[in-house]
Amino acid sequence: MGEKLKKLPMGIDSFARLRTAGYYYVDKTGMIRELLEDSCKVNLFTRPRRFGKSLNVDMLKTFFEIGTEPELFEGLTIWTCEDICDEYFAKYPVISLTLKDVEGEDHEMAYQALCSSVGIEVRRLCVKYGLLDSDLLLDTDKIFLKEVLAERYERGIAVCLRRLFELLAQVCGRQVILFVDEYDVPLDKARQNGYYDQMLGTIRNLLSTVLKSNSSLEFAVLTGCLRIAKESIFTGLNNFVVNSVSDEEYSAYFGFTDAEVQQMLAYYGLTERCEVIKEWYDGYRFGGTSVYCPWDVLNYLRKLRRNRDAKPEAFWVNSSSNVIIQNILAGASETTKELLEALISGETIDKRLMPELTYKELDDPNPEVRETCLWSVMHATGYLTEVERLEGGMSRLIIPNREVWYIYDEKIRGWFQDKVRSDTERLNRLCRAVKSGDAEKVQAIFNDCMSDCISIRDTYSRKEMKENFYHGMLLGILQSESSWAVKFNQEAGIGYGDILLTSPKDRVGCIIEVKYAEQGTFESSCREALLQIERNRYADYFMQKGMKEIHAFGIACYKKECQVLYKKITG
């Protein structure tokens, strides 16, 4: 009987648990050496969600924190660096905060969540270092700690946290290392709920108080998704270094490299799935390194271990917030829509990115600022990746892989279609035109609808995929009419009709066959659609239901245009 395979670490952010409970671990401990060699006081790492930021933070915390058992790091890359381990391993008190749950409907609720997050860490530190029983602390210090444990922050959360540094350093005889995970989540949530300025002040005060001129601080590591402008939140910090998705340093420590994925596939005996995993989940460029999304790889491997024929899925989209991008796209210009169409078609776009952002700029009334923010946010959050750095500060951007392309195809295109479907008066006119057999009006209104949507370029995938897009768009519009039954890909006659509409009250049936007009061959494509309706006897479906009128539409589409031909069918 062979050795039992290690478990896949689905959603496990605890380094110690990974190393002690039989989970597979992709070794990222080389990051420790680079961090110490840089010797920066404050380090900010920005990466998209689900790329291993939280696990790396916990790995760093575990390495430096007093009391860590050596067995957790034995056999890993950092353990070969004997001088580093002798000097730094398990030598420091550590404060580790996560702000991922700091949110609320208003600033007061979010502030309470922040206090709770700090309180949880204070409770851990009090137990670990015996702060309430320490002879090195005064009674007033212990009273202060008890007040914090009771979540009473009379002097404010920032001042209390700063004092915690001093007490820890006093008890442990060493400066304190600080880790703050997901530092920008409170600002994102505040922007969505309308108290951004208040939360900005809170987070700015907290970080400034703790990080600036703090003699008890050894160094700090912060992680987040976006790089918030220094003038907005990190004012006055010296020796402050940001590492983003564009930087060469640390590029292999967030996400899985190709070699790491190959090794994992070999371990689980799934090397035959290499190409499909690469197509779907690789392609993110962090600095000069191409990486896979760990969340996707692990989720797909989990499915493959149960079923070796499992199809790849878009796992990341369901675990990552799309709110920022959706809000910006709500007011997208025609130029922006054209660029999105190019991206969906597999093309690249050249854009100037903003290395720093403020959340206020995302709502800037100037469309040029909003558009620059859009591409910058999409790049920082993983929806676009940089394939080439151009002269003049420009970046060449592309959709990184099949999964993110799916997000564009399904989500972003859907947001624009929702905009079309919100115009009920226009939709009602189209439905009435279909029901009455008015091909001229159907053509005019459908063309008008397509002008508001993301369309398909001629480079877009296969012909049947192009037809499916227009078919789906038209179907979504027609389903808004409640007075008829809508069927799609329904068996009828000796084939399957694209869209079949039945209005029992009016005894009217409608058949719609959609074709993609290669290079704008509208007339011939429409006639081909009508011929298919006739040849496959789709009308039999309605005759069997006793419909009095049967309308047949052949609709040919190309980019943002369509042509409609009509034929009335009698029994």
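Trainee: Which strands does helix H15 lie across?

Mentor: Contact here means heavy atoms within 4.5 Å. Axes are lines fitted to C-alpha atoms, for helices over the stretch in contact, and angles between N-to-C directions run from 0 to 180 degrees. Helices (H or I, at least four residues) and strands (E, at least two) are DSSP runs, numbered from the N terminus. In this case, H15 (residues 334–344) lies across S9 and S11, and runs at about 130° to S9. Helix H16 (residues 367–380) also packs on the sheet, where it touches S9, S10 and S11, with its direction at about 105° to that of S9.

Trainee: What should I know about the model and its numbering?

Mentor: This is a predicted model, in which local features need pLDDT of at least 70, side-chain atom pairs count only at pLDDT 80 or more, and totals for chains, interfaces and linings use all residues. Residues are numbered from 1 along each chain as its sequence is written, and side-chain values use heavy atoms, leaving out hydrogens and water.

Trainee: What is the strand order in the sheet with S9?

Mentor: Two strands pair if DSSP finds at least two bridges between them. Here the order is S9-S11-S10, an open sheet of three strands with antiparallel pairing. S9 (349–352) and S10 (385–389) each have a single partner strand, so one side of each has no neighbour in the sheet. On average, neighbouring strands are turned by 45° against each other, direction ignored. S10 pairs with S11 (residues 394–398) over four bridges, and Glu-386 stands opposite Leu-397 in S11.

Trainee: Which residues of H21 are buried?

Mentor: Buried means under 20% relative accessible area, exposed over 50%, and partly exposed in between (1.4 Å probe, protein chains only). In H21 the buried residues are Phe-522, Ser-525, Cys-526, Ala-529, Leu-530, Gln-532 and Ile-533. An arc is taken from the directions from the helix axis to the C-beta atoms. Down the axis of H21, the buried residues fall within an arc of 155°, so they line one face of the helix. Their cover includes strands S14 (508–516), S15 (549–558) and S16 (561–569). Just after H21, Arg-537 takes a positive phi of about 55°.
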